Each structure stands twice: as C-alpha cells, then as structure tokens.
Amino acid sequence: MAAKVIHRRYLHLLMKPGATVSLRYVKSDGSIITLDSWAVTSFHCAGNTVNVMNPLNHEVRKLRRIRIIELNGVEVII
C-alpha cells in the first residue's frame, strides 16, 4: 500500500476558504500541535500563510504553510 503524501504546493486545492481541515503543525519552538476540524478562513496564495478558525471558540490562527506537516491524515512534503 502506498503512503499518502501531498506536496505543499497543492495545499490550496484542499484548503479553500470555508473548508474544514484537521492538521499537524510545527511551531517555531519545534513542538508539534494538532488542530482538529478547524475552518479555513483565508488562504494567501501570493503569500505563505493560511488563516484557520476553531469553530468552538472562534480562535483564529495564522499559520505558515511551510510548517504544516500533515493535512487531513495526509503527509505534506516540501
């Protein structure tokens, strides 16, 4: 069985505004966080960030796309 992977250049296909995603992300200190079922609020194609919102408490986070290591159970490669 082949491993599921996606190149980061294709993230925009899965992270359209309004989509719900689960992801793993490497913070600047090297720790890994998991965000389950967060809504994509905006994806900056010309830039290098994506904004996601927690639907439970409406917390918004701006994430650097290069630090996303897994999206919806699929490994993201550089």
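## Basis of the description

Two strands are said to pair if DSSP finds at least two bridges between them. Helices (H or I, at least four residues) and strands (E, at least two) are DSSP runs, numbered from the N terminus. The model is predicted, and local features therefore need pLDDT of at least 70, side-chain atom pairs count only at pLDDT 80 or more, and totals for chains, interfaces and linings use all residues. Residues are numbered from 1 along each chain as its sequence is written, and side-chain values use heavy atoms, with hydrogens and water left out.

## The sheet as a whole

Strands of a sheet pair through backbone hydrogen bonds, in either a parallel or an antiparallel manner. In this model, seven strands make up an open sheet with mixed pairing, arranged in the order β1-β7-β6-β2-β3-β4-β5. Its edge strands are β1 (5-7) and β5, each of which pairs on one side only.

## Pairing around strand β3

Strand β2 (residues 20-26) and strand β3 (residues 32-43) are antiparallel partners joined over six bridges. Within this pair, Val21 has Trp38 of β3 as its bridge partner. The hairpin of β2 and β3 has five residues between the strands, and Gly30 in this hairpin adopts a positive phi near 95°.

Strand β3 also pairs in the antiparallel sense with strand β4 (residues 49-53), here over four bridges. Two of the residue contacts can be named: Ala39 is bridged to Met53 in β4, and Val40 is bridged to Val52 in β4.

Most residues other than glycine have a negative phi, and most peptide bonds are trans. Ser37 is not a glycine, yet its phi is positive, at about 60°. This serine, Ser37, belongs to strand β3. Because its relative accessibility is 39%, Ser37 counts as partly exposed; buried means under 20% relative accessible area, exposed over 50%, and partly exposed in between (1.4 Å probe, protein chains only).

His58, likewise not a glycine, has a positive phi of about 65°. His58 is located in the loop between β4 and β5 (60-64). With a relative accessible area of 54%, His58 is exposed.
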